[in-house]
Amino acid sequence: MFASLARFTSGRSRLVLYLSGVLFLVAGALGGGVISKLSSGGFVDSSTESAKTAKIMDERFHAGAPNLTLLITDKRGVDAPEVAKAGQDITARLSKEPHVEQAVSYWSLGKAESLRGKDGDSALVMARILGDEDEVQDRFDKFADRYEGKVDGVEVEIGGTVLANKEIFDITEKDLVKIEMITFPILLVVMLFVFRSLVAATVPLMVGGLTIVSVLLTMRILTLFTDVSVMATNVATGLGLGLAIDYSLILIKRYREELGRGVDTDGAISIALRTAGRTVVFSAVTVALAMGALLVFPFYFLRSFAYAGIPTALLAALVSVTFLPALLKALGPRIDKGRILGKKKPTAPRPEEGFWHRTAITVMRFPVPIAAVVIGLLLFLGAPFLDLKMSLADERVLPTSTQSRQVGETLRKDFNAQETQALNVVLNETPGKGERGNVAGYAEQLSKLDNVARVDTEIGTFAGGQRVAPPTPAADRFGVTDSTYLSVVPKSQSLSEKGRQLVQDIRAVDAPYDVQVGGPAAELHDAIESMNDKLPLGLGVIAISSFIVLFLFTGSIVLPLKALVLNCLSLSATLGVLVWGFQNGHLEGIVGDFAVTGTITWTVPILLFCVAFGLSMDYEVFLLSRIKEEHDLTKDNTQAVARGLEHTGSTVTAAAVLIAIVFLGFIMSSISYMKAIGVGLSLAVLMDATLVRGALVPAFMRLAGRANWWAPGPLRALHAKIGLREGDAQPLPSPVKPDDSGAPERDLEPANRD
């Protein structure tokens, strides 16, 4: 298949390039506007109790957790007649906006103390806009400007999740452009040092550009059938650019290596596709399978990364084995135009003289102490992961310059209770109004729980185990004919471990009727529980698929198991650094300002694990395929490891550095969890390409010896039939021996140099 592909791309290179140009223009035109079609939510599992409660609150009570907050401020004080009238008028006007329900305020609730700021010159108006994330956003945009700035003589600032989601959406769009504009020039400079030729260095960027616009078009098509998170664009474009550069590097390395052996352009393209091209395709499949594990989670935020990541990996490989060979054919010897860092064309060292060969031999001479030191370091870095605490994303993931962040900070500093974070406790199938006397006893029990400030009901307000206030006129919102709900206001931050514990405490209290608990803390608790329930399946998908691919390449069951263990070890170190840096705040100021909340956004660890694991297995395929090739030739385990590492070590390291640069660009994002993803992915690929591939792999393979290649008899027979190899059945062309005619030598791949 790859030989036929080589003949097609070489023989019809102009056609392939023309079609690629058309694809670039069409994909750019149609996919360029994909962000406007993406969504900002996706953090809720619709099968959980909190999600079902939210649906009941919407449909039955036209209420729920407020998603819109107005902070009204006036130096005259919120009880001044003019300010009170303005507050009442704004509340009444907001309640009449289309699709706005449950608009209440300090003034409409009889001067509720918890809705007034500590200094007395600010108060809150809270409301809920009905609909899903996209509908809420559209409805908010239609009236938001009427409630901003100076309104009815008082100062009004908008806050709440609806504004936070809008600001996240807008910032993501701007960040994507900013990151690409800064990352591309840096990549070009680094690739000049890797390829030592201006033309060769620009080729991977061309492959990356075509891959990115193809990914955006694919995501645009996906939005016609399902919700896709706006956050998927950053990771998809970063992953697409990184993989495209990696695959280009591997193919160009093999192509230039064959040119250096004296093979002509067509022959070099054929060999590159039949060897490195085959590895690229199966490496892309490995990445796609790892990303596919995200599909098992019932959150479209996480699934979006699978929707985007799977085609990204496959498109990067497709572009690399079609467009790139056609471009190499068109360039021919001009691939080395614009040579820098010396005019002489370098010669490759003997495999036994290369840096990575010497490194592997040194490690295999002292495998136990070197492995012990590296494993100890990884365990030390991973130790903070044991203290991982997760939370939902809120306005604190945004920079301090954003309005929703500023309003949120004011609420935390100046207001006593978490009014916007109240839990909703729905009592189903209750008697009619006036016959629900046992609700009072239940409310009293809830009000005595730790971390409960008060419980609002249709029959009054409860605190400390007793009723402290009669019902207000607004209390009618709590009840309908056969159902009622209680609003449980916590004392401390809902999106925290204390908030999760409160949810469990409420659900453990004996209730007089069927009870369902919802609200922000319940959503956090249920989201983490739902993720934990699906985590074994997701990890199983990754482990089994990776094991199968590596077995097909190596014919061994030992090497795939080794890869799984070492990858988990390095990834635990990465996650430990994230906990230390972002949860505990030690990287604050180093990677930019962000709010230290004592938690990490709950989607980051699982997303990071899947993407980084896929990239890790990507490099594992590159390395083991070449080690296997050498072992088949020599039957010498030590020499096969050293030669395999020499052939791939510099390539994998260069690829890791380049893709790390891509992901480090995420640090420029203004959203804190995108910074965490950028730091985590960069660190993961660099540790994998150095500590794991350079030290642990050769140490393990030296200690395992012949056992590296062991598999039960039936599996050995299976591998003999369907196993994957870097070469194929066709013989590779013999190199052309250099003559004394004075013709210039073929250039050699710079990745073979120390």
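This briefing covers salt bridges, cysteines and one surface patch in the structure above.

The model is predicted, so local features need pLDDT of at least 70 and side-chain atom pairs count only at pLDDT 80 or more, while totals for chains, interfaces and linings use all residues. Residues are numbered from 1 along each chain as its sequence is written, and side-chain values use heavy atoms, with hydrogens and water left out. The structure holds 30 salt bridges (a side-chain nitrogen of Lys or Arg within 4 Å of a carboxyl oxygen of Asp or Glu). The disulfide count is zero, a disulfide being a pair of cysteine sulfur atoms within 2.5 Å.

**Salt bridges around Asp79**

- Lys111 forms a salt bridge with Asp79, with the closest N and O atoms 3.8 Å apart.
- This pair links distant parts of the chain, 32 residues apart: Lys111 is in the loop between strand S2 (100-105) and strand S3 (122-129), and Asp79 is in the loop between strand S1 (68-73) and helix H4 (81-95).
- Helices (H or I, at least four residues) and strands (E, at least two) are DSSP runs, numbered from the N terminus.
- Asp79 also forms a salt bridge with Arg116, where the closest N and O atoms are 3.1 Å apart.
- Arg116 lies in the loop between S2 and S3, 37 residues from Asp79.
- Relative accessible area is 34% for Asp79, 45% for Lys111 and 23% for Arg116.
- Asp79 is therefore partly exposed, given that buried means under 20%, exposed over 50% and partly exposed in between (1.4 Å probe, protein chains only).

**Other salt bridges**

- Lys562 forms a salt bridge with Glu620, the closest N and O atoms being 2.6 Å apart.
- Lys562 lies in helix H17 (residues 558-583) and Glu620 in helix H18 (residues 603-634), so the bridge ties together parts 58 residues apart in sequence.
- Lys562 is buried at 4% relative accessibility, and Glu620 is buried at 0%.
- A network of salt bridges links Lys253, Arg254, Glu257, Glu258, Arg261 and Arg626.

- Cys568 is in no disulfide; its nearest cysteine sulfur, that of Cys610, is 11 Å away.
- Cys568 is partly exposed at 37% relative accessible area, whereas Cys610 is buried at 1%.

**Nonpolar surface patch**

- Val177, Met181, Ile182 and Ile186 form a nonpolar patch on the surface, with about 360 Å² of accessible area together (Shrake-Rupley method, 1.4 Å probe; for residues, only the protein chains shown count as cover).
- Patches are made of residues with over 30% relative accessible area and no salt bridge, joining like charges within 9 Å and nonpolar side chains (Val, Leu, Ile, Met, Phe, Trp, Tyr) within 5 Å.
- Ile182 is in helix H6 (residues 161-195) and is partly exposed at 35% relative accessibility.
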